[in-house]
Amino acid sequence: MDIDPQILNNVVLILTSLGVAFIAALWLSIVFWVIRDIRSRTRDPLMGVMSVLLVIVLPIFGIVIYLIVRPAQTIEHKYQAALEEEALLQDIGLRLKCPGCGRPIEADWVACPACHTRIKKMCVSCGKTLELQWNLCPYCGSPQQKVYKPEKSRES
Ligand SMILES: [Zn+2]
Ligand SMILES: [Zn+2]
């Protein structure tokens, strides 16, 4: 059977332009994707420009290279990680320390088991732990005697 070479030519031309259009669209969307992606990963403008140029100049290999060298974490991710780390540090900072020896103590201890420093006192009426300087129990309202920290026992 005979195919008119003119028609064949037209078909090839149409297929080729469709293919080119498809590749161009794909390439464009990759470029836009990279622009969006790099923006969420770094605020360094040079890095952004380099990444976009890379995919523009090397449409297929560029994206592979980009995926390998791009920053692993998004900015949001880094921010979250920094927040968590800060919270952790704060937690450690908030750990109570014995004023006498610096060892960690619990909030409801009345004395340090290591150096015997008085940390808190107990309410004479309800037995809750109170700050040494409080002279009234906030829980039951009973007046308290002031307890002074036994400073280094030195006879003056
Ligand atoms: Zn202590
Ligand atoms: Zn009390």
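The legends below describe close-up views of a predicted model.

Local features are given only at a pLDDT of at least 70 and side-chain atom pairs only at pLDDT 80 or more, while totals for chains, interfaces and linings use all residues. Residues are numbered from 1 along each chain as its sequence is written, chains are lettered from A and ligands numbered from 1 in the order in which they are written, and side-chain values use heavy atoms, with hydrogens and water left out.

View 1. Helices (H or I, at least four residues) and strands (E, at least two) are DSSP runs, numbered from the N terminus. Helix α2 covers residues 45-57, which is 13 residues. From its first C-alpha to its last α2 reaches 18 Å, close to the 18 Å expected at 1.5 Å a residue; the expected span is 1.5 Å times one less than the number of residues. Gly48, Ser51, Val52 and Val55 are the buried residues of α2. Seen down the axis of α2, these buried residues fall within an arc of 95°, so they line one face of the helix. The arc is that of the directions from the helix axis to the C-beta atoms. Buried means under 20% relative accessible area, exposed over 50%, and partly exposed in between (1.4 Å probe, protein chains only). On the face of α2 turned away from the buried side are the exposed residues Leu46, Met50 and Val57. An α-helix has 3.6 residues a turn, so residues three or four places apart point the same way.

**View 2. The N-terminal end of α2.** Asp44 caps this end of α2. A side-chain oxygen of Asp44 lies 3.2 Å from the backbone nitrogen of Leu46. A polar contact is a pair of N or O atoms within 3.5 Å; within protein, one must be able to donate a hydrogen and the other to accept it, and residues adjacent in sequence count only if both atoms are side-chain atoms.

**View 3. Where α2 meets α3.** The axes of α2 and α3 come within 6 Å and cross at roughly 145°. Axes are lines fitted to C-alpha atoms, for helices over the stretch in contact, and angles run from 0 to 180 degrees between N-to-C directions. Contact means heavy atoms within 4.5 Å. Met47, Ser51, Leu54, Val55, Ile56 and Val57 in α2 meet Pro59, Gly62, Ile63, Ile65, Tyr66 and Val69 in α3. These residues divide into ten nonpolar, two polar and no charged. Here Ala, Val, Leu, Ile, Met, Phe, Trp, Tyr, Cys and Pro count as nonpolar, Asp, Glu, Lys and Arg as charged, and the others, Gly among them, as polar.

**View 4. The buried side of α3.** Gly62, Ile63 and Tyr66 are the buried residues of α3. Down the axis of α3 they fall within an arc of 95°, so they line one face of the helix. What covers them includes α1 and α2. The face of α3 turned away from its buried side carries the exposed residues Ile60, Phe61 and Ile68.

**View 5. Lys120 in strand β1.** Lys120 is found in β1, residues 120-122. At 12% relative accessibility, Lys120 counts as buried. A polar atom of the Lys120 side chain lies 2.6 Å from the backbone oxygen of Ala107. Not counting residues up to four places away in sequence, Lys120 touches several residues, including Trp109, Val110 and Leu130.
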